[in-house]
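Please read this briefing alongside the sequence and the model.

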2 protein chains.
Amino acid sequence: MDKKTATAAILLIGDELLSGKVEDENARYLVHELRRAGVTVGRIEVVPDQLDVIAESVRRLSAGFEWVFSSGGVGPTHDDVTLAAVAAAFERPIARNAELEALMRRTWGEGLHQRDLRMADIPVGARLEHGPRGPSASWPVVVVNNVWILPGVPKIFRKKFEAIRELFQGPAIHGRAVYSAEPEGVIADTLDSVVAAFPTVAIGSYPHLDALDYRVKITLDGRDARAVDAATARLVGSLGEAVVRTE
Amino acid sequence: MDKKTATAAILLIGDELLSGKVEDENARYLVHELRRAGVTVGRIEVVPDQLDVIAESVRRLSAGFEWVFSSGGVGPTHDDVTLAAVAAAFERPIARNAELEALMRRTWGEGLHQRDLRMADIPVGARLEHGPRGPSASWPVVVVNNVWILPGVPKIFRKKFEAIRELFQGPAIHGRAVYSAEPEGVIADTLDSVVAAFPTVAIGSYPHLDALDYRVKITLDGRDARAVDAATARLVGSLGEAVVRTE
(Lines give C-alpha, C1' and ligand atoms only; values in the text may rest on other atoms or scores of the structure.)
Protein backbone atom coordinates (compact mmCIF):
# COMPACT_ATOMS: atom_id res chain seq x y z
CA MET A 1 0.00 0.00 0.00
CA ASP A 2 1.42 3.41 -0.93
CA LYS A 3 1.43 5.96 1.81
CA LYS A 4 0.14 8.93 -0.15
CA THR A 5 0.35 12.46 1.19
CA ALA A 6 -2.74 14.10 2.65
CA THR A 7 -4.43 10.75 3.27
CA ALA A 8 -5.92 9.55 6.52
CA ALA A 9 -7.46 6.48 8.11
CA ILE A 10 -9.94 6.49 10.97
CA LEU A 11 -9.87 3.69 13.52
CA LEU A 12 -12.92 3.43 15.77
CA ILE A 13 -12.37 1.26 18.82
CA GLY A 14 -15.19 -0.16 20.90
CA ASP A 15 -17.48 -3.17 21.29
CA GLU A 16 -20.39 -0.77 21.70
CA LEU A 17 -20.13 0.32 18.06
CA LEU A 18 -20.12 -3.26 16.79
CA SER A 19 -23.08 -4.32 18.91
CA GLY A 20 -25.18 -1.33 17.89
CA LYS A 21 -25.41 0.02 21.42
CA VAL A 22 -23.83 3.28 20.35
CA GLU A 23 -23.89 4.95 16.96
CA ASP A 24 -20.68 6.42 15.67
CA GLU A 25 -20.49 10.19 15.69
CA ASN A 26 -16.74 10.62 15.49
CA ALA A 27 -15.98 9.20 12.05
CA ARG A 28 -19.02 11.00 10.71
CA TYR A 29 -17.62 14.26 12.08
CA LEU A 30 -14.04 13.60 11.04
CA VAL A 31 -14.72 12.71 7.39
CA HIS A 32 -16.32 16.11 6.92
CA GLU A 33 -13.56 17.96 8.76
CA LEU A 34 -10.81 16.20 6.84
CA ARG A 35 -12.47 16.61 3.49
CA ARG A 36 -12.79 20.32 4.14
CA ALA A 37 -9.08 20.38 4.98
CA GLY A 38 -8.17 18.66 1.71
CA VAL A 39 -7.34 15.35 3.35
CA THR A 40 -8.58 12.17 1.66
CA VAL A 41 -9.95 9.60 4.08
CA GLY A 42 -8.99 6.25 2.61
CA ARG A 43 -10.24 3.88 5.28
CA ILE A 44 -12.48 3.58 8.29
CA GLU A 45 -12.20 0.53 10.52
CA VAL A 46 -14.30 -0.37 13.54
CA VAL A 47 -12.66 -2.89 15.86
CA PRO A 48 -13.51 -4.40 19.25
CA ASP A 49 -11.75 -3.68 22.57
CA GLN A 50 -9.10 -6.34 21.92
CA LEU A 51 -5.46 -5.44 22.17
CA ASP A 52 -4.15 -7.71 19.41
CA VAL A 53 -6.88 -6.74 16.97
CA ILE A 54 -6.35 -3.02 17.56
CA ALA A 55 -2.56 -3.41 17.27
CA GLU A 56 -2.91 -5.20 13.92
CA SER A 57 -5.12 -2.43 12.53
CA VAL A 58 -2.83 0.30 13.86
CA ARG A 59 0.22 -1.27 12.23
CA ARG A 60 -1.51 -1.74 8.89
CA LEU A 61 -3.16 1.68 8.78
CA SER A 62 -0.04 3.48 10.01
CA ALA A 63 1.89 1.97 7.11
CA GLY A 64 -0.75 2.88 4.55
CA PHE A 65 -1.76 6.44 5.35
CA GLU A 66 -0.11 9.70 6.25
CA TRP A 67 -2.25 10.10 9.37
CA VAL A 68 -4.25 7.68 11.48
CA PHE A 69 -6.87 8.95 13.92
CA SER A 70 -8.06 6.54 16.58
CA SER A 71 -11.22 7.03 18.61
CA GLY A 72 -11.95 5.36 21.93
CA GLY A 73 -10.43 3.01 24.46
CA VAL A 74 -8.43 5.56 26.45
CA GLY A 75 -10.26 5.61 29.79
CA PRO A 76 -9.18 3.97 33.05
CA THR A 77 -11.21 0.74 32.92
CA HIS A 78 -10.39 -2.82 31.84
CA ASP A 79 -11.87 -2.32 28.37
CA ASP A 80 -9.61 0.67 27.61
CA VAL A 81 -6.67 -0.93 25.82
CA THR A 82 -5.89 1.50 23.00
CA LEU A 83 -2.69 2.95 24.48
CA ALA A 84 -1.35 -0.54 25.18
CA ALA A 85 -2.36 -1.66 21.69
CA VAL A 86 -0.60 1.25 19.99
CA ALA A 87 2.48 0.53 22.10
CA ALA A 88 2.32 -3.11 21.00
CA ALA A 89 1.84 -2.11 17.37
CA PHE A 90 5.13 -0.20 17.44
CA GLU A 91 6.88 -2.53 19.89
CA ARG A 92 7.29 0.09 22.55
CA PRO A 93 6.90 -0.21 26.30
CA ILE A 94 4.32 1.75 28.27
CA ALA A 95 5.42 4.20 30.95
CA ARG A 96 3.77 6.85 33.08
CA ASN A 97 4.17 10.26 31.49
CA ALA A 98 5.13 12.93 33.99
CA GLU A 99 3.62 15.83 32.05
CA LEU A 100 0.26 14.09 31.71
CA GLU A 101 0.28 13.03 35.34
CA ALA A 102 1.00 16.58 36.51
CA LEU A 103 -1.75 17.91 34.24
CA MET A 104 -4.26 15.40 35.59
CA ARG A 105 -3.36 16.17 39.20
CA ARG A 106 -3.64 19.89 38.55
CA THR A 107 -6.92 19.67 36.65
CA TRP A 108 -8.79 17.12 38.71
CA GLY A 109 -7.36 17.78 42.16
CA GLU A 110 -9.39 15.86 44.75
CA GLY A 111 -11.46 14.29 42.01
CA LEU A 112 -8.48 12.30 40.75
CA HIS A 113 -8.45 8.65 41.70
CA GLN A 114 -5.40 6.44 41.67
CA ARG A 115 -6.87 4.41 38.86
CA ASP A 116 -7.36 7.47 36.64
CA LEU A 117 -3.59 7.79 36.41
CA ARG A 118 -3.63 4.82 34.09
CA MET A 119 -4.61 7.36 31.45
CA ALA A 120 -1.13 8.85 31.87
CA ASP A 121 0.49 5.50 31.01
CA ILE A 122 1.42 5.96 27.36
CA PRO A 123 3.83 4.43 24.84
CA VAL A 124 7.43 5.47 25.44
CA GLY A 125 8.47 8.05 22.85
CA ALA A 126 4.92 9.33 22.32
CA ARG A 127 4.54 13.04 21.69
CA LEU A 128 2.03 15.26 23.46
CA GLU A 129 0.55 17.58 20.88
CA HIS A 130 -1.28 20.71 21.95
CA GLY A 131 -1.89 22.16 18.52
CA PRO A 132 -1.01 25.61 17.21
CA ARG A 133 -2.78 27.52 20.00
CA GLY A 134 -0.61 25.92 22.65
CA PRO A 135 -1.17 24.26 26.02
CA SER A 136 -3.92 26.56 27.23
CA ALA A 137 -6.29 25.58 24.46
CA SER A 138 -6.87 21.99 25.49
CA TRP A 139 -5.64 18.79 26.95
CA PRO A 140 -2.89 17.45 24.67
CA VAL A 141 -3.35 14.65 22.16
CA VAL A 142 -1.07 11.63 22.52
CA VAL A 143 0.67 10.92 19.20
CA VAL A 144 2.75 7.85 18.42
CA ASN A 145 4.48 8.03 15.05
CA ASN A 146 1.62 9.04 12.75
CA VAL A 147 -1.16 7.77 15.02
CA TRP A 148 -3.25 10.44 16.76
CA ILE A 149 -5.04 8.95 19.75
CA LEU A 150 -8.40 10.56 20.46
CA PRO A 151 -11.06 9.66 23.02
CA GLY A 152 -14.38 8.05 22.14
CA VAL A 153 -16.71 10.48 23.90
CA PRO A 154 -17.90 12.64 20.98
CA LYS A 155 -17.85 15.96 22.81
CA ILE A 156 -14.22 15.48 23.91
CA PHE A 157 -13.25 13.97 20.56
CA ARG A 158 -14.37 17.15 18.81
CA LYS A 159 -12.79 19.47 21.31
CA LYS A 160 -9.45 17.73 20.99
CA PHE A 161 -9.60 17.57 17.22
CA GLU A 162 -10.50 21.26 17.02
CA ALA A 163 -7.29 22.07 18.89
CA ILE A 164 -5.14 20.25 16.31
CA ARG A 165 -7.14 20.53 13.09
CA GLU A 166 -4.81 23.08 11.45
CA LEU A 167 -2.04 20.48 11.49
CA PHE A 168 -3.75 18.43 8.80
CA GLN A 169 -3.96 20.09 5.44
CA GLY A 170 -3.89 18.98 1.87
CA PRO A 171 -4.51 20.76 -1.43
CA ALA A 172 -8.21 21.64 -1.62
CA ILE A 173 -10.55 19.01 -3.06
CA HIS A 174 -12.93 20.43 -5.67
CA GLY A 175 -16.24 18.70 -6.11
CA ARG A 176 -18.94 18.94 -8.79
CA ALA A 177 -22.10 16.94 -9.36
CA VAL A 178 -24.20 16.13 -12.41
CA TYR A 179 -27.73 14.67 -12.21
CA SER A 180 -28.83 12.30 -14.96
CA ALA A 181 -32.36 11.41 -15.98
CA GLU A 182 -31.07 8.25 -17.63
CA PRO A 183 -30.17 5.19 -15.54
CA GLU A 184 -26.67 3.84 -15.01
CA GLY A 185 -26.91 1.20 -17.72
CA VAL A 186 -27.50 3.90 -20.32
CA ILE A 187 -24.77 6.31 -19.25
CA ALA A 188 -22.08 3.83 -18.21
CA ASP A 189 -20.16 3.95 -21.51
CA THR A 190 -20.20 7.75 -21.47
CA LEU A 191 -18.88 7.73 -17.93
CA ASP A 192 -16.09 5.37 -18.98
CA SER A 193 -14.87 7.75 -21.63
CA VAL A 194 -14.81 10.71 -19.23
CA VAL A 195 -13.06 8.60 -16.59
CA ALA A 196 -10.41 7.62 -19.16
CA ALA A 197 -9.91 11.20 -20.38
CA PHE A 198 -9.48 12.71 -16.89
CA PRO A 199 -7.32 10.39 -14.81
CA THR A 200 -6.89 12.94 -11.99
CA VAL A 201 -10.64 13.25 -11.45
CA ALA A 202 -12.43 10.73 -9.23
CA ILE A 203 -15.85 10.07 -10.69
CA GLY A 204 -18.60 8.35 -8.75
CA SER A 205 -22.00 7.18 -9.98
CA TYR A 206 -24.88 6.79 -7.53
CA PRO A 207 -28.36 5.59 -8.48
CA HIS A 208 -31.13 7.20 -6.42
CA LEU A 209 -34.28 5.11 -6.56
CA ASP A 210 -36.54 7.60 -4.86
CA ALA A 211 -35.40 10.85 -6.47
CA LEU A 212 -38.20 12.67 -8.22
CA ASP A 213 -36.46 14.19 -11.23
CA TYR A 214 -33.29 12.17 -11.81
CA ARG A 215 -32.02 8.60 -11.74
CA VAL A 216 -28.31 8.94 -11.09
CA LYS A 217 -26.11 11.44 -9.29
CA ILE A 218 -22.61 11.62 -10.71
CA THR A 219 -19.91 13.26 -8.60
CA LEU A 220 -16.58 14.55 -9.86
CA ASP A 221 -13.79 15.26 -7.36
CA GLY A 222 -10.20 16.27 -7.71
CA ARG A 223 -7.44 18.53 -6.48
CA ASP A 224 -7.05 20.11 -9.91
CA ALA A 225 -10.06 22.42 -10.19
CA ARG A 226 -9.58 23.00 -13.92
CA ALA A 227 -9.52 19.26 -14.60
CA VAL A 228 -12.67 18.80 -12.50
CA ASP A 229 -14.46 21.57 -14.40
CA ALA A 230 -13.26 20.24 -17.75
CA ALA A 231 -14.41 16.72 -16.90
CA THR A 232 -17.78 18.09 -15.78
CA ALA A 233 -18.15 20.03 -19.03
CA ARG A 234 -17.23 16.97 -21.08
CA LEU A 235 -19.71 14.82 -19.18
CA VAL A 236 -22.51 17.35 -19.50
CA GLY A 237 -21.82 17.66 -23.22
CA SER A 238 -21.79 13.89 -23.71
CA LEU A 239 -24.92 13.23 -21.68
CA GLY A 240 -26.82 15.93 -23.53
CA GLU A 241 -30.51 15.94 -22.72
CA ALA A 242 -30.06 13.39 -19.95
CA VAL A 243 -28.63 16.14 -17.74
CA VAL A 244 -31.21 17.39 -15.25
CA ARG A 245 -28.90 19.82 -13.51
CA THR A 246 -25.33 20.46 -12.46
CA GLU A 247 -23.87 21.58 -9.14
CA MET B 1 -7.13 -14.65 13.68
CA ASP B 2 -9.51 -17.41 14.82
CA LYS B 3 -12.59 -17.81 12.75
CA LYS B 4 -15.14 -18.13 15.55
CA THR B 5 -18.64 -19.39 14.91
CA ALA B 6 -21.51 -16.92 14.73
CA THR B 7 -19.19 -14.01 13.97
CA ALA B 8 -19.48 -11.58 11.11
CA ALA B 9 -17.64 -8.71 9.45
CA ILE B 10 -19.24 -5.93 7.45
CA LEU B 11 -17.38 -4.45 4.49
CA LEU B 12 -18.74 -1.16 3.18
CA ILE B 13 -17.46 -0.24 -0.26
CA GLY B 14 -17.65 3.23 -1.71
CA ASP B 15 -15.76 6.52 -2.01
CA GLU B 16 -18.98 8.34 -1.11
CA LEU B 17 -18.87 6.98 2.44
CA LEU B 18 -15.26 8.08 2.95
CA SER B 19 -15.84 11.58 1.58
CA GLY B 20 -18.92 12.14 3.70
CA LYS B 21 -21.22 12.53 0.70
CA VAL B 22 -23.36 9.66 1.89
CA GLU B 23 -23.95 8.44 5.41
CA ASP B 24 -23.90 4.73 6.03
CA GLU B 25 -27.26 3.15 6.66
CA ASN B 26 -26.41 -0.46 5.90
CA ALA B 27 -23.92 -1.27 8.65
CA ARG B 28 -26.15 0.52 11.10
CA TYR B 29 -29.05 -1.70 10.04
CA LEU B 30 -27.01 -4.88 9.89
CA VAL B 31 -25.39 -4.65 13.34
CA HIS B 32 -28.86 -4.56 14.88
CA GLU B 33 -30.17 -7.40 12.74
CA LEU B 34 -27.16 -9.59 13.43
CA ARG B 35 -27.12 -8.91 17.14
CA ARG B 36 -30.77 -9.89 17.31
CA ALA B 37 -29.87 -13.11 15.51
CA GLY B 38 -27.12 -13.91 18.00
CA VAL B 39 -24.30 -13.10 15.58
CA THR B 40 -21.34 -11.10 16.91
CA VAL B 41 -20.12 -8.42 14.52
CA GLY B 42 -16.37 -8.32 15.00
CA ARG B 43 -15.36 -5.77 12.39
CA ILE B 44 -16.65 -3.05 10.11
CA GLU B 45 -14.42 -1.72 7.36
CA VAL B 46 -15.11 1.10 4.94
CA VAL B 47 -12.96 1.00 1.80
CA PRO B 48 -12.81 3.01 -1.44
CA ASP B 49 -13.84 1.77 -4.91
CA GLN B 50 -10.40 0.25 -5.55
CA LEU B 51 -10.13 -3.35 -6.63
CA ASP B 52 -6.89 -4.22 -4.84
CA VAL B 53 -7.95 -2.56 -1.58
CA ILE B 54 -11.32 -4.34 -1.58
CA ALA B 55 -9.67 -7.66 -2.43
CA GLU B 56 -7.23 -7.34 0.47
CA SER B 57 -10.05 -6.64 2.92
CA VAL B 58 -12.17 -9.48 1.55
CA ARG B 59 -9.32 -11.98 1.95
CA ARG B 60 -8.51 -10.87 5.48
CA LEU B 61 -12.11 -10.68 6.69
CA SER B 62 -13.10 -13.95 5.00
CA ALA B 63 -10.30 -15.69 6.90
CA GLY B 64 -11.25 -14.13 10.23
CA PHE B 65 -15.02 -14.41 10.44
CA GLU B 66 -17.71 -16.96 9.76
CA TRP B 67 -19.60 -14.57 7.51
CA VAL B 68 -18.65 -11.44 5.61
CA PHE B 69 -21.30 -9.07 4.28
CA SER B 70 -20.26 -6.57 1.66
CA SER B 71 -22.27 -3.51 0.72
CA GLY B 72 -21.92 -1.56 -2.51
CA GLY B 73 -20.02 -1.58 -5.75
CA VAL B 74 -22.24 -3.97 -7.70
CA GLY B 75 -23.80 -1.69 -10.33
CA PRO B 76 -22.88 -1.43 -14.02
CA THR B 77 -20.56 1.61 -13.94
CA HIS B 78 -16.79 1.99 -13.83
CA ASP B 79 -16.73 2.47 -10.05
CA ASP B 80 -18.50 -0.84 -9.40
CA VAL B 81 -15.63 -3.23 -8.84
CA THR B 82 -16.79 -5.41 -5.94
CA LEU B 83 -17.49 -8.56 -7.96
CA ALA B 84 -14.10 -8.33 -9.66
CA ALA B 85 -12.43 -7.66 -6.31
CA VAL B 86 -14.03 -10.68 -4.65
CA ALA B 87 -12.99 -12.79 -7.64
CA ALA B 88 -9.44 -11.48 -7.25
CA ALA B 89 -9.48 -12.13 -3.50
CA PHE B 90 -10.18 -15.80 -4.13
CA GLU B 91 -8.20 -16.03 -7.37
CA ARG B 92 -11.19 -16.91 -9.49
CA PRO B 93 -12.09 -15.71 -12.97
CA ILE B 94 -15.24 -13.74 -13.71
CA ALA B 95 -17.86 -15.15 -16.08
CA ARG B 96 -21.37 -14.26 -17.11
CA ASN B 97 -23.88 -16.22 -15.07
CA ALA B 98 -26.71 -17.59 -17.18
CA GLU B 99 -29.26 -17.70 -14.38
CA LEU B 100 -28.67 -14.06 -13.46
CA GLU B 101 -28.72 -12.98 -17.09
CA ALA B 102 -32.02 -14.74 -17.70
CA LEU B 103 -33.47 -13.20 -14.56
CA MET B 104 -32.39 -9.73 -15.62
CA ARG B 105 -33.80 -10.12 -19.11
CA ARG B 106 -37.08 -11.42 -17.73
CA THR B 107 -37.39 -8.73 -15.07
CA TRP B 108 -36.25 -5.67 -16.98
CA GLY B 109 -37.34 -6.54 -20.51
CA GLU B 110 -37.01 -3.49 -22.73
CA GLY B 111 -35.45 -1.53 -19.88
CA LEU B 112 -32.36 -3.72 -19.89
CA HIS B 113 -29.29 -2.18 -21.47
CA GLN B 114 -26.32 -4.12 -22.72
CA ARG B 115 -24.16 -2.56 -20.05
CA ASP B 116 -26.47 -3.70 -17.24
CA LEU B 117 -25.51 -7.28 -18.02
CA ARG B 118 -22.18 -6.57 -16.37
CA MET B 119 -24.06 -7.16 -13.13
CA ALA B 120 -24.41 -10.79 -14.22
CA ASP B 121 -20.63 -11.16 -14.50
CA ILE B 122 -19.73 -12.87 -11.25
CA PRO B 123 -16.87 -14.96 -9.85
CA VAL B 124 -16.83 -18.49 -11.20
CA GLY B 125 -18.12 -20.90 -8.57
CA ALA B 126 -20.25 -18.28 -6.84
CA ARG B 127 -23.56 -19.47 -5.42
CA LEU B 128 -26.85 -17.69 -5.96
CA GLU B 129 -28.72 -17.73 -2.69
CA HIS B 130 -32.44 -17.04 -2.59
CA GLY B 131 -32.98 -17.70 1.10
CA PRO B 132 -35.47 -20.06 2.74
CA ARG B 133 -38.54 -18.64 0.97
CA GLY B 134 -37.13 -19.49 -2.43
CA PRO B 135 -36.72 -17.71 -5.75
CA SER B 136 -40.01 -15.85 -5.72
CA ALA B 137 -39.13 -13.87 -2.62
CA SER B 138 -36.36 -11.78 -4.10
CA TRP B 139 -33.47 -11.40 -6.44
CA PRO B 140 -30.76 -13.83 -5.32
CA VAL B 141 -27.66 -12.82 -3.35
CA VAL B 142 -24.30 -13.68 -4.91
CA VAL B 143 -22.18 -15.63 -2.41
CA VAL B 144 -18.51 -16.51 -2.84
CA ASN B 145 -17.18 -18.78 -0.13
CA ASN B 146 -18.38 -17.02 3.03
CA VAL B 147 -18.74 -13.59 1.43
CA TRP B 148 -22.30 -12.36 0.89
CA ILE B 149 -22.36 -9.61 -1.71
CA LEU B 150 -25.09 -7.03 -1.13
CA PRO B 151 -25.84 -3.79 -2.96
CA GLY B 152 -25.19 -0.35 -1.50
CA VAL B 153 -28.63 1.20 -2.05
CA PRO B 154 -30.15 0.90 1.44
CA LYS B 155 -33.64 -0.06 0.33
CA ILE B 156 -32.36 -2.94 -1.80
CA PHE B 157 -29.76 -3.90 0.78
CA ARG B 158 -32.50 -4.42 3.35
CA LYS B 159 -34.80 -6.25 1.02
CA LYS B 160 -32.09 -8.69 0.04
CA PHE B 161 -30.93 -9.22 3.60
CA GLU B 162 -34.49 -9.84 4.74
CA ALA B 163 -34.72 -12.69 2.25
CA ILE B 164 -31.69 -14.45 3.72
CA ARG B 165 -31.66 -13.37 7.36
CA GLU B 166 -32.78 -16.74 8.74
CA LEU B 167 -29.55 -18.28 7.43
CA PHE B 168 -27.49 -16.47 10.06
CA GLN B 169 -28.14 -17.55 13.60
CA GLY B 170 -26.09 -17.87 16.73
CA PRO B 171 -26.97 -18.61 20.33
CA ALA B 172 -28.89 -15.63 21.72
CA ILE B 173 -26.85 -12.79 23.21
CA HIS B 174 -28.16 -11.67 26.60
CA GLY B 175 -27.53 -8.09 27.62
CA ARG B 176 -27.85 -6.24 30.92
CA ALA B 177 -26.88 -2.74 31.96
CA VAL B 178 -25.96 -1.10 35.25
CA TYR B 179 -25.82 2.67 35.77
CA SER B 180 -23.26 4.03 38.20
CA ALA B 181 -23.30 7.38 39.97
CA GLU B 182 -19.55 7.07 40.56
CA PRO B 183 -17.08 7.81 37.75
CA GLU B 184 -14.88 5.24 36.03
CA GLY B 185 -11.81 5.94 38.15
CA VAL B 186 -13.73 4.95 41.28
CA ILE B 187 -15.34 1.78 39.97
CA ALA B 188 -12.52 0.47 37.78
CA ASP B 189 -11.11 -1.95 40.36
CA THR B 190 -14.57 -3.34 41.07
CA LEU B 191 -15.13 -3.84 37.37
CA ASP B 192 -11.80 -5.68 37.14
CA SER B 193 -12.85 -8.19 39.75
CA VAL B 194 -16.17 -8.90 38.04
CA VAL B 195 -14.43 -9.20 34.66
CA ALA B 196 -11.99 -11.71 36.17
CA ALA B 197 -14.74 -13.75 37.85
CA PHE B 198 -16.95 -14.03 34.74
CA PRO B 199 -14.75 -14.73 31.72
CA THR B 200 -17.70 -15.54 29.45
CA VAL B 201 -19.32 -12.14 30.04
CA ALA B 202 -18.22 -9.14 27.96
CA ILE B 203 -18.30 -6.08 30.17
CA GLY B 204 -18.16 -2.56 28.76
CA SER B 205 -17.83 0.72 30.64
CA TYR B 206 -19.09 3.94 29.07
CA PRO B 207 -18.84 7.37 30.68
CA HIS B 208 -21.75 9.67 29.84
CA LEU B 209 -20.82 13.27 30.45
CA ASP B 210 -24.26 14.71 29.96
CA ALA B 211 -26.39 12.15 31.75
CA LEU B 212 -28.45 13.65 34.53
CA ASP B 213 -28.44 10.94 37.17
CA TYR B 214 -25.44 8.73 36.44
CA ARG B 215 -21.82 8.94 35.35
CA VAL B 216 -21.12 5.57 33.77
CA LYS B 217 -23.19 2.97 31.96
CA ILE B 218 -21.84 -0.54 32.34
CA THR B 219 -23.06 -3.19 29.92
CA LEU B 220 -22.82 -6.95 30.43
CA ASP B 221 -23.28 -9.26 27.45
CA GLY B 222 -22.96 -12.98 26.98
CA ARG B 223 -24.50 -16.08 25.48
CA ASP B 224 -24.84 -17.70 28.92
CA ALA B 225 -27.81 -15.88 30.44
CA ARG B 226 -27.13 -17.23 33.92
CA ALA B 227 -23.55 -16.02 33.85
CA VAL B 228 -24.70 -12.58 32.65
CA ASP B 229 -27.25 -12.37 35.47
CA ALA B 230 -24.74 -13.60 38.05
CA ALA B 231 -22.14 -11.06 36.88
CA THR B 232 -24.76 -8.32 37.02
CA ALA B 233 -25.73 -9.34 40.56
CA ARG B 234 -22.09 -9.41 41.63
CA LEU B 235 -21.47 -5.99 40.13
CA VAL B 236 -24.56 -4.46 41.70
CA GLY B 237 -23.59 -5.93 45.07
CA SER B 238 -20.03 -4.64 44.80
CA LEU B 239 -20.97 -1.16 43.62
CA GLY B 240 -23.51 -0.79 46.42
CA GLU B 241 -24.91 2.69 46.67
CA ALA B 242 -23.25 3.79 43.45
CA VAL B 243 -25.90 1.87 41.50
CA VAL B 244 -28.54 4.22 40.13
CA ARG B 245 -30.50 1.55 38.29
CA THR B 246 -30.25 -1.74 36.45
CA GLU B 247 -31.72 -2.82 33.15
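A:Glu129 has A:Val141, in strand 7 of chain A, as its bridge partner. The model is a predicted one, in which local features need pLDDT of at least 70, side-chain atom pairs count only at pLDDT 80 or more, and totals for chains, interfaces and linings use all residues. Residues are numbered from 1 along each chain as its sequence is written, and chains are lettered from A and ligands numbered from 1 in the order in which they are written. Helices (H or I, at least four residues) and strands (E, at least two) are DSSP runs numbered from the N terminus, and two strands pair if DSSP finds at least two bridges between them.

- Strand 6 (residues 127–129) of chain A runs antiparallel to strand 7 of chain A, and three bridges join them.
- On strand 8 (residues 147–150) of chain A, the pairing with strand 7 of chain A is also antiparallel and has three bridges.
- Within that pairing, A:Val143 stands opposite A:Trp148.
- Two residues lie between the strands of this hairpin, where A:Asn145 takes a positive phi near 50°.
- In a regular strand, side chains alternate between the two faces of the sheet.
- Strand 7 (residues 141–144) of chain A is covered on both faces, with A:Val141 and A:Val143 buried on one side and A:Val142 and A:Val144 buried on the other.
- Buried here means that 20 or more other C-beta atoms lie within 10 Å of the residue's own, against 12 or fewer for exposed and in between for partly exposed, with C-beta atoms placed from the backbone.

**Chain A as a whole**

- Chain A has eight helices and 12 strands.
- Its C-alpha atoms fill a box of roughly 70 × 35 × 30 Å along the principal axes.
- Domain 1 (4–167) and domain 2 (174–246) divide chain A, with bounds that come from an automatic or database domain assignment.
- The C-alpha centres of these two domains of chain A are 38 Å apart.
- Of the 247 residues in chain A, 46% are buried.
- Among contacts in chain A with a separation of 6 or more, 69% join residues 24 or more positions apart; a contact requires C-beta atoms, placed from the backbone, within 7 Å.

**Nonpolar core**

- The largest nonpolar core has 100 residues, and those with the most contacts inside it include A:Val68 and B:Val68.
- Such a core is a set of buried Ala, Val, Leu, Ile, Met, Phe, Trp, Tyr and Cys residues joined through C-beta atoms within 7 Å.
- Leaving aside neighbours within four places in sequence, B:Val68 is in contact with residues including B:Val58, B:Leu61 and B:Trp148.

**Symmetry and interface**

- Chain A superposes on chain B by a rotation of 180° with 0.0 Å of shift along the axis (RMSD 0.0 Å), the relation of a two-fold axis.
- The superposition is by least squares on the C-alpha atoms of residues with pLDDT of at least 70 in both copies.
- A:Glu45 comes closest to the rotation axis of the residues of chain A, at 2.2 Å (C-alpha).
- The contact between the chains involves 46 residues of chain A and 46 residues of chain B.
- Helix 7 of chain A gives the most to the side of chain A that touches chain B, with eight residues.
- The copies meet through the same surface, because 100% of the interface residues of chain A are also interface residues in chain B.
- Strand 2 of chain A pairs with strand 2 (residues 40–47) of chain B in the antiparallel sense over three bridges.
- B:Val46, in strand 2 of chain B, is the bridge partner of A:Ile44.

Key
Two residues are in contact if their C-beta atoms, placed from the backbone, lie within 7 Å.
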